[in-house]
Each structure stands twice: as structure tokens, then as C-alpha cells.
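Welcome! Let us walk through this structure together, one question at a time.

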Amino acid sequence: MNIRTVAHLARIALSDEEASRYQEQVDQILKYVEQLNLINVDGIEPTAHAGAVFDVVRQDLVTGNSLSQEAALSNAPAVSHEQFRMPKVVE
Amino acid sequence: MNVASLTIAELRRSYLSGDLSPSEALSSIAVEIDQKDNAIGGYLSFDLDRALADAANIDLSLPLGGIPIAIKDLINVEGHPCSCASKMLHGKYTSPYDATVIRKLREAGAIPFGRTNMDEFAMGSSTENSGIQICRNPHDTTRTPGGSSGGSAAVVAGNTAIAALGTDTGGSIRQPASHCGVVGLKPTYGRVSRYGLVAFASSLDQCGPMTKTVADAALLLEVISGRCDRDSTCLNEDVPSYTGAVGKDIKGLRIGLPAEYFAKGLDPAVKDRIEAAIKTLESLGAEIVPVSLPNTEHAVATYYIIATAEASANLARFDGVRYGHRAEADDLIDLYKKSRAEGFGEEVKRRIILGTYVLSSGYYDAYYLRAQKVRTLIRRDFEEAFQKVDLIVSPVSPTPAFKLGEHHSDPLAMYLADIYTISANLAGICGISVPCGTVSVDGKALPVGLQLLGKPMGEIDLIRAAHAYEASGDAG
């Protein structure tokens, strides 16, 4: 595992010191979890959720009780024209 | 009288007899917090004025009428801060809505009061990963309260709260309850709505009560359980009378003893306490039956793949855009990277990186998919055991509370201490930690918790047995 590549995928900036520490610690954890390779899982279905609940549906109606625009924006670090404000992403 | 040392049942009696009013109780608890919590660090904040306003028109005849409940700082309460003990959110976020558990508490008359300390985003087993402040064990302030719901456990144990809510992803209710000597119940996955809880690992997280007595835990569970239209994983099943299970005897109840939970690594003094408690359960009429959970040794590895994978996806939302910390940056990718680098603490970053890796292209099958298959094996172990028994008994934690700083440089050592609690989350079953006495370490009496694990939706048996044990007086 290359810590820099993964940290980029995770969108986390790392200092050199953090990168070398995490590299060592994550390698150690990955080595520990290798024990799972010794288990025979042929034909075993994966468990994604412990309680098997499938296809929970409801009437396709507006339920009300949604957050107002004001409430949804109330914690935003930057707001402009009643929208989340971001750095420019198009040239 | 220290009001905060009362149980829910006792405080209710004081209200109904007219000895106390909710506003008097709240003011008295606030004084206790001011006097005691500096030494413990269990609370991140509390808002007496808001609680007094909530108390003004309370109906005392409701099941929790006027009862203040301390809330782990990852549960949204409208108008309250919700920091998850992270610099990402601390001072930067006020909840715009109530979680379903909070709505249900309010409908039952309870007053959310105080935000309790925790490991940042619930990642940890000692509350040392709090990004805000250190938290200490009231039984020995050189030790941690356990975690991640360490603040909730510490304030209940230290008599600065009547009761609290916590959340449990791999033991985060049961383990701090054990280390602090309080009752902590992790419900069956889907029993309690997760809507409004800041998600760590969505397939493992459950919210539950942390209380001074089993009866209080039963009452809180009865209030917060039940279906929720806003959480599709919340089970659409009726809520039975959990309070009705309190006081029922346990004659003929079959309790399984898993050999794997009494193997190497278990502190001998803890083991003695657990064995004494098992004898007590037997003397109360339970039948103790040996069972096997052969995949126990793989639970920690399985958990740390699944939990970190889910966390890496869940915590993607903290990107400096809609809420939380935003770093200065000209470029969008830099804004994400710097905001997350500055906002998240060490353990959170480590787990996001691990989770991102196990989900990444080329490694998904080898790590994540394989872990999900082993999860199936672990779940089957419990299904087979529960063919023979009604409950399983074990320690909660292999040792009493650890010293502050004991596992700082070695995250894996800390993870391994979760061995007895993690499987219940992977299997989705319910569990409780009930105090079973103390062990003496360095001249201090440190609490030990007895864990009972129940079948899916088996909370009735859990409460029945935990209460019978508590009432036996074996814990001293």
C-alpha cells in the first residue's frame, strides 16, 4: 500500500511525518488482517447488513418535514445567493 | 441531596410526590457538573437555559416526564451543538433537527441535557481520541473511562447525570459501561432508529441506554425503540414491554458459556469476577451450557476492515462544503484535502485511509468482500449457539480500565481489547454490560462488567437476566 496514493483518494493532505507514521501503522494493521486469507470462504455469501431488511418502500409522495433552505444552509462555512459557496471549478 | 446521583425511577418518584420539580432538578445537576466535571471531562457542553425552557411545560405523567438525559455528542438535538468531539465540527455546527431517538425521548417527556465526550466520531475504546478534551474514569482519574461513549459512562458513574444515551459500533456502549461500573445496553441492529446519529459504520452502529440500573435501561430502551420512516434499516416490529421483563425470574433460562471468550489474554482477576457472576446466575435457576463461537479469533480483523470501509464512505461528507471546518484554498481538491487534514484527528485519518484502501479498485475483493464473508461465518456461529441457548455470558473487556496513554503508540493493541464486544455488532445481536463487582488495582477498586448477549430482538431475556443478576446483590 502506498500511503500517499490512498490519502489522495481519501482527500486527506498528509505531512511527511504523518505519511511515514501512517504507512507503518496501516501496514501493521494490514498484516494483522491477513489472517482472514487463511479462512475458507468458498460459497459463503457476504453479509452487508446483519438484519436482513430488503426493499423498504413508501408511497412516492412529498412527506413535508424536510429541512428548510435556511436550515440546510445554517451551518455552511460560506454561503452566497442562498447556495453553498465554493472555489471556482471552471475556467 | 445530590439529585444527579438519583436513578430515573427515583427522580420520577421525587417529581410525582412533589418533592422536586424538573427545573429544580436541572439546576441542581448543573451545579454538580460545574463542581465535579472539571476533574472528569465527561461533558463537552450543557445548556441550562434551554433545558429549563424545555422543562417549563413538561407533563410529569409521561414515562420520562421531566427526566434529563445526557446525550453523546454525535446525536443531533435541534439547537444544540453536535461536534462528535471533532475539531471538524466543534464550534462550527448547530443541529438543525432532532434525531428520531431525541424525538421519541421528547414525546416521552425527557429533556436532553448535556453533550457527552467521546472518541472523535466514535473511533476508539478509551475516549482519548476526543479532539476536544481528556476524559477520566471517576473510579480512578489516572485511567480512561473506556470508549467511545466514555463521557456518557463517566457522567452516569460520577453522578453528574441521571442517565445517558450512547452508541455502540464495536462495544462503545458496553465497554465504557463496564469500565465505569454502569449498565449499558446495545440493542439489536435495527431495533432503534439511527436517523440523526452521525454515522460511523452504518451496518454496525446502534444507539442505546447507559444507566445506573437495569430497570432504567429497560425504560429508556422501551422509549427509543421502534420503526422509523427515515431509517430503512430500522425494523418494523412492535416494541414489547421491556420494563415488564424487570423482576421476572430466570429459572430454566439457558445461558451459553463460549470457551473462546475465556482463553488467553483475559485478566485473571476479571475472570474470577465473571466466574463468580456465572455461579450466581446458576444459583438463580439458569442453566449454564457450554457453546462454541469458533470464528471469534477473526472478529477483530473482520471488524476493522468493515468498520473502516464504511467510515471512509460516511466521513466523505466532511469536505468543508456544507458544514464543518473549511480550510483556506484556491482549488477545490486542495480545499477538500486541507479541510480534512486540519479538521480530523489522528485516529480518524488513520481509519479513513485504511477504509479507503480496503475499498479501492483491485483490493476490494481481497479485503472488504472477504471480510463480509467472514462476517457471515461469525453470524452463523451465533445462530448455531442460539439454537441451544437463550443468552450467552462473557466478560465485556479482558481487563479493567486502562491507564491514560497506555496504548497511545500502538493502535492495534487497543483494537484487540475489543475482542469480546465486536462480534455482537458483526452478528447484529443485542448485548448488555451489567456491573459485577470490582477488582483491586494499585489500591483502587475498578469496576468489572458482565456481558450478556441475546438473540436478535431478544432484549426481553437480556433485561430479565441482567436484572435478576443485579438484584442478587452479587456485585456488592
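A residue counts as buried if 20 or more other C-beta atoms lie within 10 Å of its own, as exposed if 12 or fewer do, and as partly exposed in between, with C-beta atoms placed from the backbone. This is a predicted model, in which local features need pLDDT of at least 70 and side-chain atom pairs count only at pLDDT 80 or more, while totals for chains, interfaces and linings use all residues. Residues are numbered from 1 along each chain as its sequence is written, and chains are lettered from A and ligands numbered from 1 in the order in which they are written.

Q: What percentage of the 91 residues in chain A is buried?
A: Chain A has three helices and two strands, where helices (H or I, at least four residues) and strands (E, at least two) are DSSP runs numbered from the N terminus. Its C-alpha trace spans about 55 × 45 × 25 Å along the principal axes. Of the 91 residues in chain A, the buried share is 14%.

Q: In what order do the elements of chain A run from the N terminus on, and is the chain compact or spread out?
A: The elements of chain A follow the order α-α-α-β-β from the N terminus. The radius of gyration is taken over C-alpha atoms, and the globule rule is 2.2 Å times the number of residues to the power 0.38. For 91 residues that rule gives 12 Å, and chain A has 22 Å, so chain A is more spread out than a compact globule.

Q: Which radius of gyration does chain B have, with its 476 residues?
A: Chain B holds 15 helices and eleven strands, and its C-alpha trace spans about 70 × 55 × 50 Å along the principal axes. Buried residues account for 63% of its 476 residues. A compact globule with 476 residues would have a radius of gyration near 23 Å, which agrees with the value for chain B, 21 Å.

Q: What share of the contacts in chain B between residues at least 6 apart in sequence joins residues at least 24 apart?
A: Two residues are in contact if their C-beta atoms, placed from the backbone, lie within 7 Å. Counting contacts in chain B between residues at least 6 apart in sequence, the share that joins residues at least 24 apart is 76%.

Q: Which element gives the most to the side of chain B that touches chain A?
A: The contact takes 56 residues from chain B and 43 residues from chain A. On the chain B side, the elements that give two or more residues are α9 (299-314), α10 (332-343), α11 (346-359), α12 (365-388) and α13 (411-416). With ten residues, the element that gives the most to this side is α12(B).

Q: How many nonpolar, polar and charged residues are on the side of chain B that touches chain A?
A: Ala, Val, Leu, Ile, Met, Phe, Trp, Tyr, Cys and Pro count as nonpolar, Asp, Glu, Lys and Arg as charged, and the others, Gly among them, as polar. By these classes, the side of chain B that touches chain A has 27 nonpolar, 14 polar and 15 charged residues.

Q: Are α9(B) and α11(B) roughly parallel or roughly perpendicular?
A: Axes are lines fitted to C-alpha atoms, for helices over the stretch in contact, and angles run from 0 to 180 degrees between N-to-C directions. Angles under 35 degrees count as roughly parallel, over 145 as roughly antiparallel, 65 to 115 as roughly perpendicular and the rest as oblique. The axes of α9(B) and α11(B) come within 7 Å and cross at roughly 100°. That makes the two helices roughly perpendicular.

Q: Which residues of α14(B) meet α9(B)?
A: The axes of α9(B) and α14(B) (residues 419-427) come within 9 Å and cross at roughly 55°, so the two helices are oblique to each other. From α9(B) come A299(B), V300(B), T302(B) and Y303(B), and they meet I419(B), I422(B), S423(B) and L426(B).

Q: Is C84(B) buried or exposed?
A: C84(B) lies in the loop between β2 (68-72) and α4 (100-107) of chain B. Phi of C84(B) is near 55°, a positive value in a residue other than glycine. Because 30 other C-beta atoms lie within 10 Å, C84(B) is buried.

Q: Which residue does a cis peptide bond join to G147(B)?
A: Omega of this bond is about 10°.
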